[in-house]
Amino acid sequence: MNDLSSAIAQALGMLLHWDAGLLRIVGLSLRVSLTAVGVAALVGLPLGAALAVARFPGRGAVMAVLNALMGLPPVLCGLLVYLLLSRSGPLGAWGLLFTPTAMVVAQAALIMPILAALSCQLLRSLWEEYAEQLRSFGLSRLGAVPTLLWEGRVGLTTVLLAGFGRAAAEVGAVMIVGGNIEGYTRVMTTAIALETSKGDLPLAIALGLVLMLVVFGVNALAMALRGWADRSGH
Amino acid sequence: MIRADNLSFAAGGVPIIRDVSFALDPDGPTLILGPNGAGKSVLLRLLHGLLEPDAGQVRAPGPQAMVFQRPVLLRRSVLANVLFPLRGPDARARAEQALALVGLQAMAHRPARRLSGGEQQRLALARAAAQRPAILFLDEPCAALDPAATRAVEEIIRHLAAAGTRIVMTSHDLGQARRLAGEVLFLHQGRLLEHTPATEFFAAPRSPEAAAFLRGELLWAPGA
Ligand SMILES: Nc1ncnc2c1ncn2[C@@H]1O[C@H](COP(=O)(O)OP(=O)(O)O)[C@@H](O)[C@H]1O
Ligand SMILES: [Mg+2]
């Protein structure tokens with residue numbers, strides 16, 4: 001009990017004094033997960049939009065695969081990216097394993113299906129609402145995609161926030177492809193896992209508090225955005 | 001100028017428009033009347049090209065615009081909604097002129113989807129009018145509006161018709177049909193039973209179905 005309260009006191013001390021090691025870990029976490037969301041969005045949003053408006057044989061199968069991939073366990077995703085990037089793997093020559101770039105790749109692969117499936121669902125209901133009117137204006141299905149993305153901007157932002165929350169909170173994928181190397185690939189979740197198992201609780205608790213703040217902050221932002229959108233007619 | 005030749009349309013094997021032919025009077029407005037489910041909305045969509053007929057053909061010149069029963073507004077300002085389908089250097093001037101026509105110029109910068117039902121329908125009309133269509137299709141433009149908003153919309157329709165826009169619309173409101181119609185197409189179970197000048201249609205309908213409809217005894221069609 002004494003140990004625990006002194007660990008908490010030390011954790012708060014690290015937070016209050018902006019401990020350099022702690023800041024570096026938090027900074028890398030945010031950088032990796034934000035970049036992963038950006039990369040995943042570049043693929044996932046256009047894919048979701050195209051799936052929302054397009055009619056082609058096999059559309060249902062693509063949707064089923066995306067939905068299945070939404071539940072892919074992070075460790076499995078990490079393992080797949082590891083095999084891809086390991087020295088003997090197809091992309092081994094790039095030398096990316098155990099770098100922050102590998103962590104971005106793994107998290108982007110993890111959340112891309114989430115962004116695509118959620119944005120497809122959102123844009124499909126918008127498409128049902130707008131299809132006839134946009135065709136009356138002379139727009140084709142694909143020509144309507146930029147309009148749909150803009151009309152769905154509020155919902156899509158909450159989709160991106162959900163993706164960021166998932167990326168920042170996962171531990172399995174970045175652990176496998178990043179290797180939790182101190183000062184280089186150590187992020188909040190891998191540090192918490194390692195420090196806790198080593199019995200070094202202060203850093204784990206401090207990082208846990210920051211991670212909780214990030215996750216709650218993302219949720220609060222999403223809720224605030226929805227509230228604002230409802231009030232302002234978006 | 002607007003023709004349909006042996007037009008047929010089915011959905012899921014159920015015939016909805018059955019072998020309909022007509023050539024509309026050059027003046028109009030044309031009111032498509034008939035009980036609920038007669039096929040009025042489907043016919044408008046066929047004429048506007050939103051649906052492909054299974055047989056027969058439509059000839060209707062462009063440019064065309066359509067206002068739907070429930071106005072479909074973008075999540076943008078009132079002005080941005082009118083500007084959306086417009087191209088060219090005079091887009092802004094045309095949009096502002098159209099907003100003035102429907103009395104919404106003071107609300108140009110309000111979010112469109114916060115407007116009242118009547119204002120939303122007037123905005124949809126302004127957006128259609130700003131496209132300067134030769135033909136304007138209106139599907140029950142006053143279905144969800146109170147009497148005052150209905151009168152405002154009718155006034156706008158009359159103005160557009162007088163300015164040379166060919167109006168083709170549906171309505172379930174017989175009073176409105178009497179006030180606006182130049183000619184009437186009476187549909188029943190997907191068939192065109194009458195195509196007559198409005199004065200004739202309301203004074204002496206030829207088919208027993210139209211007579212029953214005018215007496216208010218035929219509000220919806222029994223299974224087609
Ligand atoms: N896309 C569709 N698929 C199947 N049935 C349809 C479709 N659109 C309309 N219908 C049916 O066609 C008939 C005519 O519809 P509609 O033109 O909307 O009637 P109304 O005269 O009331 O406007 C109705 O029975 C309706 O249920
Ligand atoms: Mg209808």
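Tutor: Ala, Val, Leu, Ile, Met, Phe, Trp, Tyr, Cys and Pro count as nonpolar, Asp, Glu, Lys and Arg as charged, and the others, Gly among them, as polar. Keep in mind that this is a predicted model.

Student: OK. By class, what does the lining of the largest pocket have?

Tutor: Seven charged residues, five nonpolar and three polar.

Student: How much space lies in that largest pocket?

Tutor: About 310 Å³. It is lined by 15 residues, and the closest to its centre are Glu129(A), Phe68(B), Arg70(B), Pro71(B) and Val72(B).

Student: Which helix gives the largest share of the lining of the largest pocket?

Tutor: Helix H5 of chain A, residues 100–136, with five residues.

Student: And the second largest pocket, what volume does it have?

Tutor: About 260 Å³. Of its 14 lining residues, Leu122(A), Val154(A), Gly155(A), His234(A) and Arg75(B) are the closest to the centre. H7(A) supplies the largest share of that lining, four residues. By class, the lining divides into five charged, five polar and four nonpolar residues.

Student: Switching to salt bridges. How many over all chains?

Tutor: The count comes to 17.

Student: What does Arg45(B) form a salt bridge with?

Tutor: Glu132(A), with the closest N and O atoms 2.6 Å apart. The pair crosses between chains, from helix H1 of chain B to helix H5 of chain A.

Student: Is Arg45(B) buried or exposed?

Tutor: Arg45(B) has a relative accessible area of 16%, so it counts as buried, the cut-off being under 20%. Glu132(A), at 26%, counts as partly exposed.

Student: What about Glu183(B), which residue does it form a salt bridge with?

Tutor: Arg166(B), at 3.2 Å between the closest N and O atoms. Glu183(B) is in strand E8 of chain B and Arg166(B) in strand E7 of chain B, so the pair ties together parts that are 17 residues apart in sequence. Both Glu183(B) and Arg166(B) are buried.

Student: Where is Glu140(B) found?

Tutor: In the loop between strand E6 and helix H5 of chain B. Leaving aside residues up to four places away in sequence, Glu140(B) touches Lys40(B), Gln69(B), Thr170(B), Ser171(B) and His172(B).

Note on methods
Residues are numbered from 1 along each chain as its sequence is written. Chains are lettered from A and ligands numbered from 1 in the order in which they are written. This is a predicted model: local features need pLDDT of at least 70, side-chain atom pairs count only at pLDDT 80 or more; totals for chains, interfaces and linings use all residues. Side-chain values use heavy atoms; hydrogens and water are left out. Helices (H or I, at least four residues) and strands (E, at least two) are DSSP runs, numbered from the N terminus. Contact means heavy atoms within 4.5 Å. On a 1 Å grid over the protein atoms alone, a cavity is a set of points where a 1.4 Å probe fits but cannot get out, and a pocket is an open set with protein on both sides within 12 Å along at least five of seven lines; lining residues have an atom within 4 Å of a point. Grid points are joined across faces, edges and corners, and a volume is the space filled by probe spheres set on the points. A salt bridge is a side-chain nitrogen of Lys or Arg within 4 Å of a carboxyl oxygen of Asp or Glu. Buried means under 20% relative accessible area, exposed over 50%, partly exposed in between (1.4 Å probe, protein chains only).
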